[in-house]
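Visitor: I would like to learn how to read a protein model feature by feature. Could you walk me through one?
Guide: Gladly; here is the structure to keep in view.

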Amino acid sequence: MTERAAATNVATELAKERNRAAADRTLMAWIRTALSLIGFGFGIGKLHAYLEQSGQPPSLDPIRSSLIFGESFIFLGMIGLLAAVVQHVRILNRLARPDFAYTAMRPIAVTVAGALIAIGIFGFIAILL
């Protein structure tokens, strides 16, 4: 192997290592995001339980919007984390191949942002009712 080919191979391997580290950081960011969503949903669910135990008349919230709102956050956190793990595994598998070529993946953040907009619209409507 020539000196130039060896240098190119080292540069390629270092680039792959940087991409792997970036994939790990991205997964850790999604873990933090999912944990925040799940924790926030759990807190809203506990607030719903507290309101039920406090003797508030159920007619104030006939569709149990706070419970649905909390469960939506928990569900979104779980789905977001699952999608992030799948994406992470796919990236690692692509990096392991000798013929690695970049291809864009579906952005999870855009999907989660859309779901948060839907949850926000539901929350806004629930407040108005």
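Guide: Let us start with contacts: two residues are in contact when they have heavy atoms within 4.5 Å of each other. Please keep in mind that this is a predicted model.

Visitor: Which residues is Ser 65 in contact with, leaving aside its neighbours within four places in sequence?
Guide: Ser 65 is in contact with Phe 122 and Ala 126, once neighbours within four places in sequence are left aside. Ser 65 itself is found in helix α2.

Visitor: Is Ser 65 buried or exposed?
Guide: The general idea is that a residue counts as buried under 20% relative accessible area and exposed over 50%, with partly exposed in between. Ser 65 has a relative accessible area of 10%, so it is buried.

Visitor: What about Ile 74, and which residues is it in contact with?
Guide: Ile 74 is also a residue of helix α2. With neighbours within four places in sequence set aside, Ile 74 is in contact with Leu 37, Ile 38, Gly 41 and Phe 42. Its relative accessibility is 25%, so Ile 74 counts as partly exposed.

Visitor: How many residues apart in sequence are Ile 74 and Ile 44, and how does that look in space?
Guide: They are 30 residues apart in sequence, and their C-alpha atoms are 9.9 Å apart in space.

Visitor: Now let us turn to charges. How should I read a salt bridge?
Guide: Side chains of opposite charge can pair when their charged atoms come close. The cut-off here is a side-chain nitrogen of Lys or Arg within 4 Å of a carboxyl oxygen of Asp or Glu. This structure holds three salt bridges.

Visitor: Which residue forms a salt bridge with Glu 17?
Guide: Arg 20 does, and the closest N and O atoms of the pair are 2.7 Å apart. Glu 17 and Arg 20 are three residues apart in helix α1 (residues 3-53), so about one helical turn separates them. Glu 17 is partly exposed because its relative accessibility is 41%, and Arg 20 counts as partly exposed at 31%.

Visitor: Where does Asp 24 come in?
Guide: Asp 24 meets Arg 20 in a salt bridge, at 2.1 Å from N to O. This pair is four residues apart in helix α1, which means a separation of about one helical turn. Asp 24 has a relative accessible area of 26%, so it is partly exposed.

Visitor: And which residue pairs with Asp 99?
Guide: The side chain of Asp 99 meets that of Arg 97 in a salt bridge, 3.5 Å from N to O. Asp 99 is exposed, with a relative accessible area of 55%, while Arg 97 is partly exposed at 39%. As for shared partners, salt bridges join Glu 17, Arg 20 and Asp 24 into one network.

Visitor: Last topic: how do I read empty space?
Guide: Rolling a probe the size of a water molecule over the atoms shows where empty space is left. In a cavity, the probe fits but cannot get out, whereas a pocket is open. The structure holds one cavity of 30 Å³ or more, and about 30 Å³ of space lies in the largest cavity.

Visitor: Which residues line the largest cavity?
Guide: They are Ala 23, Thr 26, Leu 27, Trp 30, Ala 84, Gln 87, His 88 and Ile 91. Helices α1 and α2 are the elements that give two or more residues to this lining. By class, the cavity lining has five nonpolar, three polar and no charged residues.

Visitor: How much space lies in the second largest pocket?
Guide: About 280 Å³. Of the 14 residues lining the second largest pocket, the closest to its centre are Ala 83, Arg 106, Pro 107, Ile 108 and Thr 111.

Visitor: Which element gives the most to the lining of that second largest pocket?
Guide: Helix α2 gives the most, with seven residues. Both α2 (65-96) and α3 (108-128) supply at least two residues each. The lining of the second largest pocket has nine nonpolar, three polar and two charged residues.

Notes
Residues are numbered from 1 along each chain as its sequence is written. This is a predicted model: local features need pLDDT of at least 70, side-chain atom pairs count only at pLDDT 80 or more; totals for chains, interfaces and linings use all residues. Side-chain values use heavy atoms; hydrogens and water are left out. On a 1 Å grid over the protein atoms alone, a cavity is a set of points where a 1.4 Å probe fits but cannot get out, and a pocket is an open set with protein on both sides within 12 Å along at least five of seven lines; lining residues have an atom within 4 Å of a point. Grid points are joined across faces, edges and corners, and a volume is the space filled by probe spheres set on the points. Ala, Val, Leu, Ile, Met, Phe, Trp, Tyr, Cys and Pro count as nonpolar, Asp, Glu, Lys and Arg as charged, and the others, Gly among them, as polar. Buried means under 20% relative accessible area, exposed over 50%, partly exposed in between (1.4 Å probe, protein chains only).
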